[in-house]
Amino acid sequence: MPRINVVSTVPGAESVVRQLLCEPVVAVSCQGKRHINELTSITTRVHSGALYVFDVKSCPTIVLAGGLIRLFQSVELVKVFHDISIDSKFLHPYGITIRNYFDTQVGYSVLLEQKGFPPRKITLPQLCKKYQLNLPVPDPQEQKRALEDVNYWAKRPLSRPMLITCAASVMELETLYTCLAGQLDPDMWDWFDCMSEENRLALTQRARIQSVKSARRTEEFLDHLYEYPITRLTEEERQLLSDSFPETHIS
């Protein structure tokens with residue numbers, strides 16, 4: 001496990017952000033209290049392996065005054081997320097619009113469509129498993145607490161298990177970005193961009209996005225995915241679809 005640097009001051013954040021803005025790609029994940037949409041930390045990782053956890057709970061001004069807004073809104077720096085809808089919702093109260101990003105959740109879904117399957121979702125650990133990438137495994141009891149305690153990510157100080165979980169959320173995102181981007185055909189990128197924007201807005205403009213998705217089901221572009229169901233799968237196709245689930249299962 002690489003060293004995890006916790007940043008909890010505005011000057012510290014400004015210094016780190018200046019470094020991050022010089023990178024071509026940064027992996028990002030936001031943590032917080034989902035039931036009230038309160039952002040408590042932001043985790044980043046760069047190609048060199050440097051990991052930073054920005055402690056928003058301890059220093060709320062770190063997002064704007066600390067310059068993290070510049071990171072998210074940069075049109076030159078690629079930000080890699082897994083399921084950007086959650087991160088986008090956490091950042092929405094700050095008036096932040098994430099620009100120039102790659103969503104590995106969407107990348108996997110569009111890759112399925114490219115191969116003739118309906119779009120599906122997948123968790124980050126299962127996606128990493130498909131590409132034989134190893135994530136640190138949090139303590140089972142700690143995972144249980146994180147799932148059951150809605151205030152888990154608001155606890156301070158940040159414990160070692162919490163920091164390991166933060167690190168796991170970004171450690172392999174850049175590798176997944178490279179793999180998925182390399183597998184998408186050139187003529188799928190416009191569709192990928194469209195699906196990425198829909199996912200970015202999925203939780204902040206829920207009604208509109210659900211309406212768009214519902215209307216699209218009648219359009220010719222996706223009709224062929226359902227008119228010709230595949231009943232005999234190759235081993236490669238079974239592996240690709242395993243551990244994923246239909247989009248409609250996302251709340």
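Is Phe102 buried or exposed? Phe102 has a relative accessibility of 2%, so this residue counts as buried, where buried means under 20% relative accessible area, exposed means over 50%, and partly exposed covers what lies in between (1.4 Å probe, protein chains only). The structure is a predicted model, in which local features need pLDDT of at least 70 and side-chain atom pairs count only at pLDDT 80 or more, while totals for chains, interfaces and linings use all residues. Residues are numbered from 1 along each chain as its sequence is written, and side-chain values use heavy atoms, with hydrogens and water left out.

We can start with the aromatic rings. Rings of Phe, Tyr and Trp (its six-membered ring) pair if their centres lie within 6.5 Å, and the planes count as stacked when under 30 degrees apart, as edge-to-face when over 60, and as tilted for the rest. By this rule the count is 5 aromatic pairs. One of them joins Phe102 and Tyr177 in an edge-to-face arrangement, 5.0 Å from centre to centre and with 65° between the planes. Because Phe102 lies in strand β6 (residues 101-103) and Tyr177 in helix α8 (residues 173-183), this pair ties together parts that are 75 residues apart in sequence; helices (H or I, at least four residues) and strands (E, at least two) are DSSP runs, numbered from the N terminus. Phe102 also forms a tilted pair with Trp189, with 6.2 Å between the centres and 55° between the planes. Trp189 belongs to helix α9 (residues 189-201), so its pair with Phe102 in strand β6 ties together parts that are 87 residues apart in sequence. Trp189 itself, at 27% relative accessibility, counts as partly exposed. Ring pairs link Phe102, Tyr177, Trp189 and Phe192 into a cluster.

The next topic is the nonpolar core, a set of buried Ala, Val, Leu, Ile, Met, Phe, Trp, Tyr and Cys residues joined through side-chain atoms within 4.5 Å. The largest core has 39 residues, of which Val110, Leu173 and Leu176 touch the most other members, and helix α4 (residues 104-114) gives this core its largest share, 5 residues. A second, separate core of 31 residues includes Val10, Ala13, Ile84 and Ile98.

Finally, we turn to the cysteines. The structure holds 0 disulfides, a disulfide being a pair of cysteine sulfur atoms within 2.5 Å. The sulfur of Cys30 is 10 Å from the closest cysteine sulfur, that of Cys166, which is too far for a bond, and Cys30 is buried, with a relative accessible area of 7%.
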